[in-house]
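Look at the charged side chains in the structure below.

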Amino acid sequence: MRSQMQPFLKMLSKIHWTWIITFVYLTFLLILPIIALVTKAASEPFESFWKTATSPLAVSSYEITFVTAFASAAVNGVFGTLIAWVLVRYDFFGKRFLEGVVDLPFALPTAVAGLTLATVYSENGWIGSLLAPFGIQVAFSRLGVWTAMVFISLPFVVRSVQPVLTELEKEIEEAAWSLGATNWQTFTQVILPPLAPSILTGVALGFSRAVGEYGSTVIIASNTPFKDLITPILIFQRLEQYDYVGATVIGSVMLLISLVSLLAINLLQAWGKRYV
């Protein structure tokens, strides 16, 4: 018996303790909860599962959530890169303050962020009152959901791009200029390719953060079905109605769509790395 166990014990001895800790940690905090969610949803008959997952209200919430989250991540991909460029390439008064402001969404409770945004962008707010004469309503609309998602996901792009931009040698740009390249050619052909993977990483992280956002959006949105009701709020409403199965089904669909979206972004990022 001992001789039969020796190969197994030898294999265990080769497994480093860091792998064991990593596996146990991920199992209890990530893998098991996902398995529990999928198992609970799979226990529902297929007809009932499909009816709940494809109900008009659920489909509308998917569209609002993922399209708005993608729009916010795309905008942050542009302006987050611009902010990182300013922070790295320029020295100015108040730079340290701006560095702290960029990280504010990380530390600020999401409920406080939602309350602040709703106050500022309401019809009587500082910014909302300026937009109201033009018929633009931010607070308690889908535009407000987008604003909240932009706010909470901006730091991911800035902090992903900033280290890469810091390591980028400025002499490469000067060499391109000396060879006759314009500023636009230098940016698109010399600077942008090395930055592309980090930009896509920031966009993917921001998109993931925006998809799962609840605290700020529930305050700044009116949470009206087919208007600005996002999936996380719909799930919470189902839980308040003690519809645990419905909440699990919708959560499973959201999990699947999120995984597919992140897989597509990661494939695009891998393509960008090969291109570089």
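Six salt bridges are counted here, a salt bridge being a side-chain nitrogen of Lys or Arg within 4 Å of a carboxyl oxygen of Asp or Glu. The model is predicted, so local features need pLDDT of at least 70 and side-chain atom pairs count only at pLDDT 80 or more, while totals for chains, interfaces and linings use all residues. Residues are numbered from 1 along each chain as its sequence is written, and side-chain values use heavy atoms, with hydrogens and water left out.

One of the salt bridges joins lysine 95 to aspartate 91, at 3.2 Å from N to O. Lysine 95 is buried at 17% relative accessibility, whereas aspartate 91 is exposed at 72%. Buried means under 20% relative accessible area, exposed over 50%, and partly exposed in between (1.4 Å probe, protein chains only).

Arginine 159 has a salt bridge with glutamate 99, with the closest N and O atoms 2.9 Å apart. This pair links distant parts of the chain, since glutamate 99 lies in helix α5 (residues 95–102) and arginine 159 in helix α9, 60 residues apart. Helices are DSSP runs (H or I, at least four residues), numbered from the N terminus. Arginine 159 also meets aspartate 103 in a salt bridge of 2.8 Å, N to O. Through shared partners, Glu99, Asp103 and Arg159 form one network.

Elsewhere, Glu167, Glu169, Glu171 and Glu174 make a patch of negative charge on the surface. Such a patch is made of residues with over 30% relative accessible area and no salt bridge, like charges being joined within 9 Å. Glutamate 169 is partly exposed, at 48%.

Notes: Patches are made of residues with over 30% relative accessible area and no salt bridge: like charges are joined within 9 Å, nonpolar side chains (Val, Leu, Ile, Met, Phe, Trp, Tyr) within 5 Å. Accessible areas come from the Shrake-Rupley method with a 1.4 Å probe; for residues, only the protein chains shown count as cover. Lys and Arg count as positive and Asp and Glu as negative; His and the chain ends are not counted. The place of a charge is taken as NZ of Lys, CZ of Arg, CG of Asp or CD of Glu. Helices (H or I, at least four residues) and strands (E, at least two) are DSSP runs, numbered from the N terminus.
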